[in-house]
Amino acid sequence: MLTLARAVAITLLLPAAAVAETLTVDEFRRELVGLPLCGTPMTGPLAGKSLCTVHLPDGTAILAGSGLLVRGVWDVEDGHICRRNAHEPPERRRCVDYERSDAEHYHNSDGVEFCLGPCPVAAAAPSTAAAPASPAASAEAASAAPPAAGAESPKP
């Protein structure tokens with residue numbers, strides 16, 4: 001049986017669990033705007049393709065990689081970052097929150113992982129059969145490819 005002193009000692013030796021907190025809009029602008037958010041979607045029409053999204057300060061966004069270039073727009077609503085293709089109406093926006101995983105890695109409220117790109121090969125391509133992380137949001141991942149019949153069109 002573990003004594004209290006031993007339990008405290010073990011707890012102090014274990015690395016502290018990182019508590020991810022949602023980035024504020026100001027933190028998103030300061031940390032991520034103007035930088036490539038890169039990865040490879042795990043699911044959706046672009047699964048397995050290396051992509052990067054850049055949210056520019058003027059409210060435009062660019063998704064590029066694997067022979068794809070999509071221009072779009074981004075804005076803020078109720079503290080969420082919202083994106084859509086430049087030619088889509090505002091109601092087609094996809095809004096997500098961002099969290100910092102570590103100094104160079106982030107994920108969004110859809111659970112999509114990305115790095116400040118370009119990503120190192122090890123971070124972008126794990127040795128498992130599953131496809132690795134994705135760009136800034138599943139909006140990029142799940143709907144960034146040209147739309148299939150009845151599907152959404154690409155979103156940066």
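Asp26 counts as exposed because its relative accessibility is 53%; the cut-offs are over 50% for exposed, under 20% for buried and partly exposed in between, with a 1.4 Å probe and protein chains only. Asp26 lies in helix H2. Its C-alpha atom is separated by 9.4 Å from that of Gly79, 53 residues away along the chain.

A word on the ground rules. This is a predicted model, with residues numbered from 1 along each chain as its sequence is written. Local features need pLDDT of at least 70 and side-chain atom pairs count only at pLDDT 80 or more, while totals for chains, interfaces and linings use all residues, and side-chain values use heavy atoms, with hydrogens and water left out.

The average pLDDT (the predictor's confidence in each residue, from 0 to 100) is 71, and 63% of the residues score at least 70. Helix H2 (residues 25-31) has the highest confidence, at a mean of 96, and helix H1 (residues 4-13) the lowest, at 34. Residues 1-17 have pLDDT below 50, and beyond near neighbours in sequence this stretch makes two contacts in the model; a contact means heavy atoms within 4.5 Å.

Residues 123-154 also stay under 50, but here the model has 101 contacts beyond four places in sequence.

## Overall layout

The protein has four helices and nine strands, where helices (H or I, at least four residues) and strands (E, at least two) are DSSP runs numbered from the N terminus. Along the sequence the pattern reads α-α-β-β-β-β-β-β-β-β-β-α-α. Of the 156 residues, 37% count as buried. Take the contacts between residues at least 6 apart in sequence, and 45% of them join residues at least 24 apart.

## The sheet

Nine strands make an open sheet in the order S6-S5-S4-S3-S2-S1-S9-S8-S7, with antiparallel pairing; two strands pair if DSSP finds at least two bridges between them. Strand S6 (94-96) and strand S7 (98-100) are the edge strands, each pairing on one side only.

Now for some individual pairs. Strand S1 (residues 36-39) runs antiparallel to strand S2 (residues 51-55) over four bridges, with Gly39 opposite Leu51. S1 is also joined to strand S9 (residues 113-116), antiparallel again, by two bridges, and here Leu37 stands opposite Leu116. Strand S4 (residues 68-77) and strand S5 (residues 80-85) form an antiparallel pair with six bridges, in which Asp75 faces Cys82 in S5.

## Nonpolar cores

A nonpolar core is a set of buried Ala, Val, Leu, Ile, Met, Phe, Trp, Tyr and Cys residues joined through side-chain atoms within 4.5 Å. The largest one has twelve residues, including Leu23, Phe28, Leu37, Trp74, Ile81, Tyr106 and Phe114. A second, separate core has five residues, among them Leu46, Leu51, Leu63 and Val70.

Ser66 belongs to the loop between strand S3 (60-65) and S4, and counts as partly exposed because its relative accessibility is 43%. Asp78 lies in the loop between S4 and S5; with 69% relative accessibility, Asp78 counts as exposed.

There's a cis peptide bond too, joining Gly117 and Pro118, with omega about -5°. Pro118 is in the loop between S9 and helix H3 (121-124).
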